[in-house]
Amino acid sequence: MRKTALLLTLLLLIISAASAATSGTSGSYVSVVSYEVDPGVFMQGDTGTIKVVVTNSGTESVDIRRATMITKDLQPLNDQAYATVGSIGPDVTKEFTFTLKAKGDGIYYPRFFLDFSSGGSMSYPVMIKVESSPLELSVLEKPDAFQKDVKSTVKLIVGNPRENTVNGVIVRPVSESADFTQTSVFIGELESNANSEVLFYVTPESDGEIKFIAEYRNGINRHETEIIIPLTLGEDKKSANPVVNNLEVTTTAEGFRISGDVTNAGLSNAKSVVVTTGSPAVPTEPNRLYVIGELEPDDFSGFDVDFTAESAETIPLLIQYKDEDGNDYAKTIDVKIRDSPQLSESPAKNNDEGLPVVAIILVIAVAAIAGGAIYCSWKKN
Amino acid sequence: MIPVKEILLSPGDFFDELIKKPESLKIPAVIILIYGILAGVAAAIASSASVALLPREAAFMSGILPVIGFVAAVIGTFIFILIWAGILHIISSLLKGEGGFSRTLELTAYGTIPQIFGSIITAVLMYMHFSSLSLSPVTSQADIVAVTEMMASGPLMTASAVIGIIVFLWSANIWLIGMMKCRKMQMKQAAISVGIPVAVYLIISLMALI
């Protein structure tokens, strides 16, 4: 009994093997030697191909009636492509390529079938992975605060968390509130678990947002992923901050002169610092502009600017400077140059409080001397 | 040597001696020159302060304006004394004063010595006054009027004007005695001769002061 059961099991195994991967009579042997899936990992909705390679390792030709791919988890797009196949000669290899469209994420095993003209068939399960993880976009660097019309740098990193390589990777910025130096950056192929850095120069115009879109291909299928950065204009916390103090306004033969100090109270260098005056003031020689040059943080420098201002009581003092990238900045300080439209008296020396004692004494002394002299002249006369 | 003390304290004795000597305008010319220089200094101080009022187009005047003020004051002093002596001479002649114009010019010049001291004090007061002002360039007529009023007003300028009037009266006293001695006039006629122009001058000065 035990011997009979062993024989039956062995017989079943032989039959099963013959029906699964080979078909042969005496002198013929057909088998699947390899298969290739493109893309390596599908994304939901992707269209791809499975190429199955079959060889006849026997000594006689084998007639194939039909080849097909049977699956209910993926959608075959060319299941009638191999409705008639013909024979495969001895030591001949033949490729069968099927086009499939992925439906949902998962690991699937569609079966490859060969029907032989002589009866019987062969099937072979093919593994296909469908996984929809997109590329990842991350911001590596961006300013603490964007400044209007000041070029800033935004550094992004594009990562591929997928199991397969993606191709044709392009990152492009989109915004109605900013201009960009680059319209797009091409990365190309991005292998599994690899990443690539991209740099964009952004010149904001107003509050808004910037959308960075990474476009790529998985096989023949185009996909994209995006990241949005809010664009809020403000002051850069590390920027240079020229502060003016010790202001002194004096009159000159040609008009006015403002003297003072400029101190960089910021955390970055202020380059090409220039001090001048704006309208209604008209800069005059010898110091139309006063060039200070570079001011390091906590450094200061004195300045003198000359100008005329026909009727203004207050004029704008302009401090112009650049940052490391050459962006222009300007700071305006209103300076009062007159107490009244045209004239003033020095407060410290104002004599309006009353007749100075020295003047009274002088008048009395002169009057006394003159009176005495007149009296004396008539007495002697 | 100018006998300053004698002229100021006993002009009668001085003119009694002067009438005995021939007419000479050398010392009077020196007196007028000193008076003119002091007046020129005061004018230069005022001109220097006015430089700040010049508009940009007239900035080239800033260096020469004080010089012009000084020269004009020196020359103006000579002209003023000449005219003043002429007025005194004409009026005194109408009131039967004797002697020529040179003698009148001589006594007029000696009579200005008190004003020399007055000019020194006035120059100091003007300097103090203008130093206290912070002036800006002016362009409109209204600004010019406002600045001029400000420059001419103030306690120090008032004191300067009052001192000017006092020393002018002192000079008038010397001219009065000089007229009596040199032009051989009665006190009443001499007082009229000197009093009329002095009164006119004082009225004008006081009007300006007020």
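**Pockets and a buried threonine**

Me: Which strands of chain A each supply at least two residues of the lining of the second largest pocket?
Reply: This is a predicted model. The second largest pocket has a volume of about 470 Å³. Its lining includes Pro143(A), Gln147(A), Asp236(A), Asp323(A) and Asp325(A), the closest to the centre of the 22 lining residues. The chain A strands that each give at least two residues are strand 13 (152-159) and strand 26 (314-322).

Me: How many residues of the lining of the second largest pocket are charged?
Reply: Domain 2 (136-231) and domain 3 (242-336) of chain A each provide at least three lining residues. By class, six lining residues are nonpolar and six are polar. The charged residues number 10.

Me: Which helix of chain B gives the most to the lining of the largest pocket?
Reply: The largest pocket holds about 940 Å³ of space. Five helices of chain B each supply at least two lining residues: helix 3 (26-50), helix 4 (65-94), helix 6 (113-131), helix 8 (155-182) and helix 9 (187-209). With eight residues, the top contributor is helix 8.

Me: How many charged residues are in the lining of the largest pocket?
Reply: The lining of the largest pocket has 19 nonpolar residues and 11 polar ones. Its count of charged residues is therefore left at none.

Me: Is Thr104(B) buried or exposed?
Reply: Thr104(B) sits in helix 5 (residues 101-111) of chain B. Beyond four places in sequence, Thr104(B) touches Ala85(B), Leu88(B), His89(B), Met179(B) and Arg183(B). Buried means under 20% relative accessible area. Thr104(B) has 0% relative accessibility, so Thr104(B) counts as buried.

How values were computed. Residues are numbered from 1 along each chain as its sequence is written. Chains are lettered from A and ligands numbered from 1 in the order in which they are written. This is a predicted model: local features need pLDDT of at least 70, side-chain atom pairs count only at pLDDT 80 or more; totals for chains, interfaces and linings use all residues. Side-chain values use heavy atoms; hydrogens and water are left out. Helices (H or I, at least four residues) and strands (E, at least two) are DSSP runs, numbered from the N terminus. Buried means under 20% relative accessible area, exposed over 50%, partly exposed in between (1.4 Å probe, protein chains only). Contact means heavy atoms within 4.5 Å. On a 1 Å grid over the protein atoms alone, a cavity is a set of points where a 1.4 Å probe fits but cannot get out, and a pocket is an open set with protein on both sides within 12 Å along at least five of seven lines; lining residues have an atom within 4 Å of a point. Grid points are joined across faces, edges and corners, and a volume is the space filled by probe spheres set on the points. Domain bounds come from an automatic or database domain assignment.
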